[in-house]
Amino acid sequence: MASATLPQPRFLADVYQAASECNKCSLCQATCPAYITNPVEWETARGRVSLIRDAIEGRLELRDIADGPLSTCLTCDNCVAACAPRVPTAHIVSRARQELHEQEGHPWAQSFALRSVLPHPGLLRALHRLARVTQRTGLDSIARRTGLYGWMGVVGSLAEHTGPLPKQTAYRRARELPQVSSPVRGRVGFLVCCYSNLAAPHATEATMHVLLANGYEVITPVLGCSGLPARTLGDREAMTEMAVRNSEHLQALDVDAYVGDVASCVGHYKEYGDIAGADRIVGDRARDVGARTALASDFLDRNGLRAPLGPLRWNATIDVPCSLPIDGAERGAMRRLLEQVPRLRLTDLDEAAMCCGGAGTYFARMPDRSEAILRRKFDNILASGADVVVTENISCLVQLRSGAARYAPHVRVLHVMEVLRESISAAQRRSAILPE
C-alpha cells in the first residue's frame with residue numbers, strides 16, 4: 001500500500017522503497033559511530049536516508065549532500081541493528097554515491113586506482129616491490145619523519161597508516177604451505193584479499209595453515225581486487241567489471257567452496273550474483289560463486305574443528321567486524337571457535353560491534369573523525385582488561401593495530417585464525433614433549 005502513494009523516483013528506483021520505510025524513530029543515533037562523534041541530524045541513518053530520498057524526489061540534488069551526508073557515512077550498517085524496518089542504510093548510501101558519480105563524473109585518481117590498478121594482480125605485486133624498495137633505501141622513514149606522506153593524499157595516508165610492509169606477500173607465502181592433514185575433508189579455493197595480501201600476509205597465511213590442519217586442501221588462485229572499494233567509493237562500473245572477471249576465474253577451479261579470511265571482502269563476494277545481474281551466463285556464474293563463498297571462521301564453525309588445540313593463557317576480547325551480517329550466524333562464529341581453545345579467557349567488549357573507524361579509506365578521508373571513533377574503541381578495550389583483541393577483517397586489523405601503538409602498546413591485535421594457528425602449534429609442541 002505504501003508504494004502506491006510514493007512519487008515517481010527520478011533515479012535510484014531500486015532503493016527508493018527501502019529509503020521510504022524509515023519511520024524516523026531515531027534509534028539509529030545510539031548505534032552510529034559517526035553521529036556519536038558528531039551529533040548532528042544528517043549524521044544519523046535517518047538523516048542521510050531522508051536527504052537521499054529528497055534528492056530522489058527532486059527536492060534537492062545529490063551534489064548538495066555530497067560533502068557530509070554522503071561522504072561521512074562509514075557504511076558500517078551499525079544502524080541496521082537498531083532499526084525495526086531494517087532500512088539498509090549502507091546500501092542506500094553506496095547506491096547514492098554511485099548515482100552521484102554517474103551524474104558528476106569520477107575523480108581521475110580514484111578511477112585510475114579502481115580501474116587500472118586494483119583489478120590487476122601484476123600491478124599490485126609491482127606496488128609491493130616499490131614499497132619494499134622505499135623501506136630498504138630509507139625513503140619510507142624519511143617520508144614519515146618529514147610528513148611527506150601527508151602531502152600525498154589518500155595514497156600517502158594509506159602507506160603511513162599501514163606501516164612497513166612485510167617482506168613476503170600472502171601469495172608468496174602460499175607457495176611454501178605444508179601438506180594437508182589426512183584424511184582430506186575437501187578442497188577450497190582461497191580468496192586472498194589484495195589489501196591483506198600486502199599489509200597482513202601473516203594473518204592470511206595463518207588461515208591457510210588452519211584450514212590445512214583441519215583437513216582442507218587449499219588452492220590459491222591469483223585474483224585482483226574483489227571490487228569492494230569500488231562499491232564503497234561509488235564506481236559501479238568498476239565494481240561490476242571486477243565481479244565478472246573474478247567470477248570467471250573462480251569458476252575454472254575444481255573446488256568444493258571458496259573461503260576467505262576478510263569479513264568485508266567475503267561479504268562482497270557473496271553479493272556477486274546481484275552485482276553481475278540477470279545475464280544467463282555471467283549472472284549464473286557469479287551467483288554460483290556467491291552461493292559457495294564462506295568466511296573462514298563460519299566455514300570451520302559449521303564443519304567443525306578437527307585439529308587438536310593447545311592451551312593459550314591469554315585474556316582476549318573480540319571486536320566484531322561491522323561488515324558481518326547483522327542477523328547471520330557468522331557473527332558468533334569467532335566466539336564459538338575461540339571457546340574451544342583451552343585456557344583462553346574471553347572477556348566481553350562494550351560496543352564490540354561498533355565500527356572502529358577504519359572502514360576502507362575513511363581514516364584518510366576523515367582522519368579526525370576516524371581517530372575520535374578509534375579512541376572510543378580503545379577506551380572500551382582498556383576497560384575490558386584484555387591483552388589480546390581478536391577480529392577478522394583487514395581494515396579492522398590495520399586500524400586497531402595503529403590505535404594500539406598509540407593508546408595501548410601492551411595490547412596485541414590478532415586475526416582469529418592467528419589465535420587458532422597458535423593454539424594448534426601449542427598442541428603440536430605439547431604432543432612432541434608429552435607423547436601419549
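Two strands are taken to pair if DSSP finds at least two bridges between them. With that in hand, a welcoming place to start in this predicted model is an open sheet of four strands, arranged in the order β6-β5-β7-β8 with parallel pairing. The edges of this sheet are formed by β6 (345–347) and β8 (412–415); each has a single partner strand, so one side of each is left without a neighbour in the sheet. From one strand to the next, the twist averages 35°.

Strand β7 (residues 388–391) joins β8 in the parallel sense over four bridges, and Val389 has Val413 in β8 as its bridge partner. Across β7 and β8 lies helix α22 (residues 394–407), which runs at about 170° to β8.

Attention now turns to another part of the chain, helix α3. Helix α3 is mostly covered, with ten of its 13 residues buried. Among the buried residues are Ala45, Arg46, Gly47, Arg48 and Val49, and the list also includes Ile52, Asp54, Ala55, Ile56 and Glu57. The cover over these buried residues includes other helices, namely α1 (13–19), α2 (33–37), α4 (66–70) and α5 (89–104). After α3 comes Gly58, a residue with a positive phi near 100°.

Notes:
Residues are numbered from 1 along each chain as its sequence is written. This is a predicted model: local features need pLDDT of at least 70, side-chain atom pairs count only at pLDDT 80 or more; totals for chains, interfaces and linings use all residues. Side-chain values use heavy atoms; hydrogens and water are left out. Buried means under 20% relative accessible area, exposed over 50%, partly exposed in between (1.4 Å probe, protein chains only). Helices (H or I, at least four residues) and strands (E, at least two) are DSSP runs, numbered from the N terminus. Contact means heavy atoms within 4.5 Å. Axes are lines fitted to C-alpha atoms, for helices over the stretch in contact, and angles run from 0 to 180 degrees between N-to-C directions.
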